[in-house]
Amino acid sequence: MKKIVIIGGGIAGLTAGIFAQKNGFESIILEKHHTLGGECTGWDRQGYHIDGCIHWLLGTKEGTPLHDLWTTVGALDGVEIYSPESFLAFEHEGVTVHFYRDLERLKSSWLEISPEDKDTIEQFCKVIKQLQSFEIPVGKPMDMMNNMMNIFEKIKYIASMKDVGPIMQKYGKIRLHEYAKTFKHPALREALASFMPEGEYSADAWENLAKDQEAYTREKARIGEVIIRAMETRFPHMTGKLKVLDVATPKTYERYCNAYRGAFMGFWPTIRGKMMSHTGRIKGLNNIFLSGQWLQPPGGLPVALITGKDTIMRLCKQEKQPFIKS
Ligand SMILES: Cc1cc2nc3c(=O)[nH]c(=O)nc-3n(C[C@H](O)[C@H](O)[C@H](O)COP(=O)(O)OP(=O)(O)OC[C@H]3O[C@@H](n4cnc5c(N)ncnc54)[C@H](O)[C@@H]3O)c2cc1C
């Protein structure tokens, strides 16, 4: 039995481990932290559980390839899926911006907030609609779709990319903060910009702050206080009732998981980067395969899952054995 060593027990490493076992490889996972899961984590404080990761999950719709893959690794066993109509609400000076899952509802609610942003909102929704045709390739990585057997899979994937290419060309070169400024209403601008912290909450700012442990601790406490005050203002009945305060920063994720600059999603490709996914191979290094959220935009849990599985697919191909997927 061939032996493989998996470095890191995040979702990618764990998935690789599961498929390694299914495919008859002897496998061992080496994890630096005292617990598994990587960035997909949570922790207990004073009797409360702090969920440090999943706020949304792609692949919860039954019958989709991604759902099948989550099911195969057992990640959804006993998990109740909650699908709120609005998966995120952002409040700015008394205005609530909802990110509704229903695109038409999102559009009409945004138009209600800011009729003067009509053109920008309509364009925003049009782009989202076009992007909905895109499906992350779950079955097989692109670089393995080279024989006739997979040609239809490849054509399907390329067809789903039809609208995506031009959109990436256009919007892939605009920083989110710049794009947010194309909206006239401050609440819409702030809501969009909040997805990518800049300035005092950027990775660079935390990097600098962490050089001075006292200043870092002070800043964490300050942020905690700001959050408590904001919650008590928004929900007055909670005043004085908040019991536990725990502030995690990008440095926290860097310290525990070696997460590059504490990034919660992969940010490759960058503005200057190329729009493509990584083959998981490093030229000149045999028998080493990469998995993880950094291999394919936009990162996140599905990419970690898929690329963990892809690694074992590549290994099976190298060993000239069929890949067992279930
Ligand atoms: C606060 C937060 C919220 C998030 N919310 C969501 C969400 O709602 N939806 C979503 O899809 N994604 C979300 N993500 C992203 C998601 O958690 C990650 O994309 C995913 O967990 C990455 O998995 P990974 O296996 O690629 O990498 P990681 O989770 O980084 O795993 C790498 C593992 O390798 C270990 N390791 C690193 N270096 C070494 C070493 N030298 N030796 C041994 N072990 C090592 C680490 O400790 C870690 O366990 C969130 C992330 C964060 C931080």
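Start with E93. It sits in the loop between β5 (86-92) and β6 (95-100). Helices here are DSSP runs of H or I with at least four residues, strands are runs of E with at least two, and both are numbered from the N terminus.

Two housekeeping points. This is a predicted model: local features need pLDDT of at least 70, side-chain atom pairs count only at pLDDT 80 or more, and totals for chains, interfaces and linings use all residues. Residues are numbered from 1 along each chain as its sequence is written.

Back to E93. Its phi is positive, about 45°, although E93 is not a glycine. Most residues other than glycine have a negative phi. Buried or exposed? E93 is exposed, with 7 other C-beta atoms within 10 Å. Exposed means 12 or fewer such atoms, buried means 20 or more, partly exposed is in between, and C-beta atoms are placed from the backbone.

Next, Q46. This one is in the loop between β3 (42-45) and β4 (48-51). Phi of Q46 is positive too, near 50°. Q46 is exposed, with 9 other C-beta atoms within 10 Å.

Now a peptide bond. P297 and P298 are joined in cis, with omega about 0°. P298 lies in the loop between β8 (285-289) and α12.

Last, the ligand. There are 32 residues around the ligand, and G8, G10, G38, G292 and G300 come nearest. The cut-off: a C-beta atom, placed from the backbone, within 6 Å. Elements giving two or more residues to this shell are α1 (11-22), α11 (250-257) and α12 (301-318). The largest share, three residues, comes from α1.
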